[in-house]
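Hello,

Please find the structure below. My notes on a pocket, a sheet and a helix pair follow.

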Amino acid sequence: MSSVKEQVLQNVVIKFAGDSGDGMQLTGTQFTNNTALLGIDLATFPDFPAEIRAPQGTLAGVSGYQIHFSSNKVFTPGDQCDVLVAMNAAALKANLKSLKKDAKIIVNIDGFDSKNLRLAGYTDGVNPLEDGSIDSYEVIKIDVTKLTREALKEFTTLGVKERDRAKNMFVLGFIYWMYNRDLESTIDFLTEKFGKKEIILQSNIKVLQAGYNYGDTIETFTTRYKVEKAKLPTGLYRSIMGNQALAMGLVAASEKSGLKLFLGSYPITPATDILQDLSKYKAFGVKTFQAEDEIAGIASAIGASYGGLIGVTTTSGPGMALKTEAMGLAMMLEIPLIIVNIQRGGPSTGLPTKTEQSDLLQAYYGRNGEAPIPIISSHSPSDCFDVAYEACRIALTHMTPVILLSDGYIANGSEPWKFPSSKDLQPIEVTFKTALAEGEDTFLPYKRDEKLVRPWAIPGTPGFEHRIGGLEKQNLTGAVSYDADNHQLMIKTRQAKVDKIADYIPLQTLDSGPEKGKVLVLGWGSTYGAIKSAVLELQSEGYAVSHAHIRYLRPFPKNLGAVISNFEYVLIPEINNGQLIKIIRDEFLVDAKAYNKMMGVPITKGELIDEIKKLL
Amino acid sequence: MSTVAMEPQILTAKDFSNENEVRWCPGCGDYSILAQVQKVMPALGVPKENVVVVSGIGCSSRFPYYMNTYGMHSIHGRATAIASGLKAARPELSVWIVSGDGDSLSIGGNHTIHLLRRNFDVNLLVFNNQIYGLTKGQYSPTSESHKVTKTSPFGSIDHPFNPLALAMGADATFIARTMDRDPKHMQAVLTRSHQHKGASFVEIYQNCLIFNDGAFEIFTEKSSKADEALFLEHGKPLIFGAKQNKGIKLDGFKPIIVDLEEGASIDDIWVHDENDFYKAQILVRMFDDPKMEGHLPRPFGVFYQTERPCYEEDMQLQIEEIIASKGKGDLDKLLRGKEVWEIA
């Protein structure tokens, strides 16, 4: 014991990997909460198969949870791992390529029996733990299964399966020991989760402690590590995931606008959490409607918005496709509506649990007719709160549907969040039409104000009975019109109304770097962390690189063209086959360069640095 | 469906019509339906501003434009889903969905069955003309088999829906059928539909003069109506015929026609009970092809009615109960979550 040294580290990336039934997501989130509570900055990336229980022991069934924590500011879950926890052979094989040269690998040797090796695709007789192939790493071999069973030998009422289910607690306990943590946050969690099942609770705590004590008693481990608190702005923090933040942003907008929230949604990965979260918030008067399909999800939200609530629908790519016609209707009706797309790998069913940014063009152009809809995007888990709130503000104050683009990476990723206080949130002013203004002798549902926004008279308002619909409308009256000139006027007007939102959103700023120079890296959405870290690193090496990240994708901030024109090269990295770049080239006639990755995973800092350097 | 009457107002049918020129084909059955809806509205006691008519796409779906109430002409098949959201959001509104056989049984079939099972307190009026009119004459999901239309030049090989059986299968709480040519009957059915608390499914046989003229004339024309249409009345025996001499008797589970003048006793005739769930299943299945030898008459009126909690009320109740037990939501508490730490 006395020989154990303590070493202070600045950055650590750990990946917990195992079979999808091994509880790696839980292990990861527990370690994350424990880390966050110490004031250490972090970012996480859960990566799991689409199947709930993919074939056991296979590469397809590997579920991973990566956490990057640091005493410095963290923007990404990290490119490569310092520590890999591999519960079986497949977990090791799947993650070997993302290890740092001097990484530590903690393996559960029970997961390397001949069956597991075969399922992981190793040829007969080959065991990576014995053939020297991973000798360059520091390999810590633990028989987790055996030690877990040993720890639970007094729990005679538990069967072998139930005992083995606690394996992840052993690993977590051991990692807690390695990083000098206490077990309190996880014991509290277990107590809340299993409080009523005493034996399950006690057995989990026992195994957690056994893992911790294992580090203490086995003398082979000579070093424990510590990561100090990060120097973050002062204030109160909590840990937040993207979808959680998004749901809260919607509730906040409801509270600050005085309009109740209605969510019409159909479960779809990776957007379902928002429906689940909002279903819990009934005390805020939130009405959630699990619709019979995606179309009914948006249609019911349109009905609710028509009734004067904030109508919201949440989905992912395939669901967006189904909602297309109804989006056009909402645009035509000119009523507020929030359409949330948590993007995932496409096309078609694609890669449901993997991330991608490939629905931007769909959001931009994916409707019949001239149907412009504002688009806003979130760039990190906590940013989802602000963006959801802002989407509601735009929808309510500009009488328009708004598409909010997030993605699977942000949705499931977590980070510390300096959460706002409700009094600091700018109220959203909404006025229903209940009386004629001076000089008005009749109600005109499509008479516009200076923002080109029409009045909102909701059912139940006497004297303002009127009809709206998807047929082309006569200017001002909203009556059905097939008049040629009127149609052209209305198309131009609806476009001008969306364009005019640019007067009511912030100008584009640079995230970092000089205002003029050689290279601007221009991003949107979840590539934020990777671009930011890459650009900051290059700047610290003396390169003239700047970073701008677009939140408002439609309309763009008024100065975006000017910002771009200050640079010799514009590099647009995207997790798609080049979508923002098409719009930027179209809009600003710049010869932007693309960097595209479509592997279902985020872009890493390292590959971006290489890419930017090609232009320097 | 029902909506609590506000203060009494004296409105007339005229108050529910507006200056918009009605543009259905001359002689279309839709005119009659519009007139009957406008006629019953004043007596329902619902303030005009609380009435919302939501429609989908099709000839019938132009309906909201001709009503001087709130209204939405939406997209094909989705009026039911839009109305669900509206009713959930604003339970106090009187919501009327106007739809056709294509709109509510084909493209919007899914939303129709889910609206019914959830039992939103709304009225769903299905104008059934057994044809696609707005697209100029293709067979619909209620067109009879072998029907020759533009898309079935050799006869349709589709088997038609029995709309009321479908509604019954979806656990609708109010099921009725009426016809465009019988204004009084339609008014009575519409009034009952409004009074029913829950989702009301009202099928209205509606003649399409241009593309399917005479589809229902056997039920609607004076010469055959008495023998072919069976008008249901709660508590009354199922009797029909020009001389009111024929009745329906149950032979086990099978309805058969008996003649009161030829020995059948009035005591053997099936007495209609709107609340009888099992008999309603038989009644909706009285759907014989009138060209068939020995066919049963087609029933009209209220087939079935029952009480079941309405979705929008349960939704509201759940919110109220949670607020009563836990208090109103506190945004700051929500944002703070369970675990926080301070960076000083």
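A pocket here is an open set of points on a 1 Å grid over the protein atoms alone, with protein on both sides within 12 Å along at least five of seven lines. Its volume is the space filled by probe spheres set on the points, and lining residues have an atom within 4 Å of a point.

This is a predicted model, in which local features need pLDDT of at least 70 and totals for linings use all residues. Residues are numbered from 1 along each chain, and chains are lettered from A in the order in which they are written.

The second largest pocket holds about 840 Å³ of space. Its lining has 38 residues, and A:Lys15, A:Phe45, A:Asp47, A:Lys97 and A:Val601 lie nearest the centre. Strand 4 of chain A gives the largest share, 4 residues. By type, the lining has 18 nonpolar, 11 polar and 9 charged residues (Ala, Val, Leu, Ile, Met, Phe, Trp, Tyr, Cys and Pro are nonpolar; Asp, Glu, Lys and Arg charged; the others polar). Helices (H or I, at least four residues) and strands (E, at least two) are DSSP runs.

In chain B, 3 strands form an open antiparallel sheet in the order 8-9-10 (strands pair if DSSP finds at least two bridges between them). Strand 8 (239-240) and strand 10 (254-259) of chain B are its edges. B:Phe240 has B:Lys246 of strand 9 as its bridge partner.

The axes of helix 1 (residues 29-44) and helix 6 (residues 183-195) of chain B, lines fitted to C-alpha atoms, come within 9 Å and cross at roughly 50°.

Regards

Definitions and conventions:
Predicted model: local features only at pLDDT ≥ 70, side-chain atom pairs only at ≥ 80, totals over all residues. Heavy atoms only, no water. 1 Å grid on protein atoms, 1.4 Å probe; cavity = no way out; pocket = protein on both sides within 12 Å on 5 of 7 lines; lining within 4 Å. Axes fitted to C-alpha atoms, helices over the stretch in contact; angles between N-to-C directions.
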